[in-house]
Amino acid sequence: MKRKYRISAMLMMGLLFFAHIVPATATEATTGVVNGSFETVENGAAAGWELVDTTWEEILKTDGASGKGGNYILLSAADTSKNFGVKQNVKIEKGQTVLLSFFYKSTVKAALTLNLTFYDSAAPVGTAIDSQKVELLSTEGEWKKYTLVFAPVESQLETADGIYYAVADSVSIMFRNISKALGTVVENVGIDAVSFSPYDDLIRDGGFDDADADWTPTEKNGGDVTFENGYVKITGAASNAYVGQSTSVATSDMPYGLPLTRFRLSLKFKADNEAAVPFIKIYEGHADNTEKELTPNQMRIMYTEDCDDGWKRYVYFSTVSTTAASKIGVMLRGQSADYAVYYDDVELVPADYWVYNYNSSEFKDLVTLTNGKLTVSAIVANRTDAAIDAKVIVAFYEVKNGTKTLLSVTMKSQDGVAAQTPAECKVENVAVPATQNGGTLEMRSFVLNGMQPISTAKVLTQ
């Protein structure tokens with residue numbers, strides 16, 4: 001049963017305190033790789049990049065052979081007198097898990113190396129706080145996509161004033177052909193389409209721009225999968241044709257990992273048969289390579305939206321993964337040998353909270369605050385070894401000139417959540433208050449076990 005409480009001075013102090021200590025969802029990095037596809041050329045040089053013991057005349061190619069645009073870098077060694085390549089310093093957001101991706105080709109294992117050197121611009125000691133080296137496998141001369149996810153890089157630096165806790169806010173990336181180190185001539189080494197992005201979506205290339213570089217197609221008994229015009233087309237029965245991908249890396253929005261987490265899946269769909277609906281599967285993977293579907297049969301459709309050109313967006317919310325989940329995967333399937341189905345703009349994100357309009361006949365995500373009432377569906381994930389009594393809190397603040405004033409708070413208890421289990425807690429019919437002094441309205445939801453936060457905060461603003 002929902003319980004409402006009078007807002008005491010102590011409670012106000014506590015909520016204002018938690019408003020600062022409970023982490024908000026991660027913000028995107030403000031900058032990324034400059035000219036990652038080498039298309040911008042100024043005075044013969046690829047803008048944003050520095051040379052390492054070579055010349056642009058030697059390495060910048062414009063014949064479109066990479067398939068990712070007109071220009072690319074070809075690091076072909078005519079001799080073994082030097083290791084050479086290109087580099088760039090990239091700003092990243094402190095505390096943000098980051099995805100680095102690029103296309104490359106190589107004919108010799110470890111001939112192409114990627115060196116990453118991390119820095120904290122505020123560190124009192126002007127040295128790197130960490131470095132990593134990646135020796136890339138041979139692709140037998142074919143262009144392949146490579147992705148690398150790394151968590152926030154941190155280090156403790158000794159200074160004259162004591163220990164400085166450094167967190168990287170930039171990284172130097174350097175690609176080199178290391179023929180000199182290998183002692184052999186290595187040609188046909190190339191790179192293109194280099195990018196950094198915040199890693200806050202579990203699906204890579206949800207728009208199918210890179211064809212099957214991230215998605216694994218399966219075709220059996222006449223089933224057919226084709227990637228065209230930035231979407232995937234699947235023809236054939238569900239057991240004969242499908243595409244899928246999975247991830248085992250927790251994102252910056254998932255500090256507690258994949259276990260005991262609910263997920264939101266969103267995608268665009270259309271079909272040659274107007275009566276068709278998506279046939280999908282979301283599953284968790286375990287360390288022993290077994291899989292468990294998070295929903296029986298098809299996932300429940302929470303709501304749909306009509307889009308342009310016959311497309312419709314479908315939004316789903318999964319059940320909660322188990323404590324054994326080590327990866328999360330999505331499969332998009334065909335339906336009939338007689339017609340084709342199409343998928344595009346696939347997104348899979350953790351959904352510890354779901355905020356929607358308070359109208360049982362029309363479920364709809366809320367992403368900004370407006371007048372009216374709303375419902376917060378929160379997952380109370382008990383990852384401890386004992387039962388807990390938790391509280392889900394929905395608090396509204398007015399923010400003006402850097403000052404945050406508490407306007408209202410609603411709490412609901414979730415008692416007796418067993419060890420290593422989740423429970424859904426709905427805080428329903430919550431009124432959105434009006435601001436009082438012309439500031440901006442902010443809503444923050446979080447789950448507490450006693451005074452300890454057990455999930456990241458969900459934040460909405462006007």
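1. Contacts of I173. Leaving aside its neighbours within four places in sequence, I173 is in contact (heavy atoms within 4.5 Å) with V33, W49, V86, K87, Q88, V90, L114, N115, L116, V194 and F196. The model is a predicted one, in which local features need pLDDT of at least 70 and side-chain atom pairs count only at pLDDT 80 or more, whereas totals for chains, interfaces and linings use all residues. Residues are numbered from 1 along each chain as its sequence is written, and side-chain values use heavy atoms, with hydrogens and water left out.

2. The largest nonpolar core. A nonpolar core is a set of buried Ala, Val, Leu, Ile, Met, Phe, Trp, Tyr and Cys residues joined through side-chain atoms within 4.5 Å; buried means under 20% relative accessible area, exposed over 50%, and partly exposed in between, with a 1.4 Å probe and protein chains only. The largest such core has 41 residues, of which W49, I173, F175, V194 and F196 touch the most other members. Two or more residues of this core come from each of α2 (56–59), β6 (84–91), β7 (98–105), β8 (112–119), β10 (144–150), β13 (170–177) and β14 (190–198). Helices (H or I, at least four residues) and strands (E, at least two) are DSSP runs, numbered from the N terminus. Another core lies apart from the largest one; it has 32 residues, among them V355, F396, V430 and L460. In soluble globular proteins, nonpolar side chains tend to be buried together.

3. The second largest pocket. On a 1 Å grid over the protein atoms alone, a pocket is an open set of points with protein on both sides within 12 Å along at least five of seven lines, a cavity is a set of points where a 1.4 Å probe fits but cannot get out, and lining residues have an atom within 4 Å of a point. Grid points are joined across faces, edges and corners, and a volume is the space filled by probe spheres set on the points. The second largest pocket has a volume of about 330 Å³. Its lining comprises 18 residues, with L99, S197, I203, R204 and D205 lying nearest its centre. Strands β7 and β14 each supply at least two residues of that lining. By class, the lining has seven nonpolar, three polar and eight charged residues. Here Ala, Val, Leu, Ile, Met, Phe, Trp, Tyr, Cys and Pro count as nonpolar, Asp, Glu, Lys and Arg as charged, and the others, Gly among them, as polar.

4. Cavities. The structure holds two cavities of 30 Å³ or more. The second largest cavity, with a volume of about 30 Å³, is lined by I92, E93, Q96, F150, A151, P152, V153 and A168. This lining divides into six nonpolar, one polar and one charged residues.

5. Positive phi angles. F38, in the loop between α1 (9–21) and β1 (41–42), has a phi near 65°, a positive value in a residue other than glycine. F38 is buried, with a relative accessible area of 0%. A110, which is not a glycine either, has a positive phi of about 70°. A110 is placed in the loop between β7 and β8 and is buried at a relative accessible area of 11%.

6. Two buried loop residues. S66 occupies the loop between β4 (60–61) and β5 (72–74) and is buried, its relative accessible area being 8%. Neighbours within four places in sequence aside, S66 is in contact with N71, Y72, W143 and D192. I454 is in the loop between β32 (452–453) and β33 (458–461) and counts as buried at 14% relative accessibility. Not counting residues up to four places away in sequence, I454 touches Y256, V380, A381, R383, I388, V447 and N449. I454 and Y303 are 151 residues apart in sequence and 29 Å apart in space, C-alpha to C-alpha.

7. T440 in strand β31. T440 is found in β31 (residues 440–449) and counts as partly exposed at 39% relative accessibility. T440 touches Y397, E398, V399, T435 and Q462, residues up to four places away in sequence not being counted. The C-alpha atoms of T440 and S377, 63 residues apart along the chain, are separated by 24 Å.

8. Cysteines. A disulfide is a pair of cysteine sulfur atoms within 2.5 Å, and by this rule the count comes to zero disulfides. C307 is partly exposed, with a relative accessible area of 29%, whereas C425 is buried at 0% relative accessibility.
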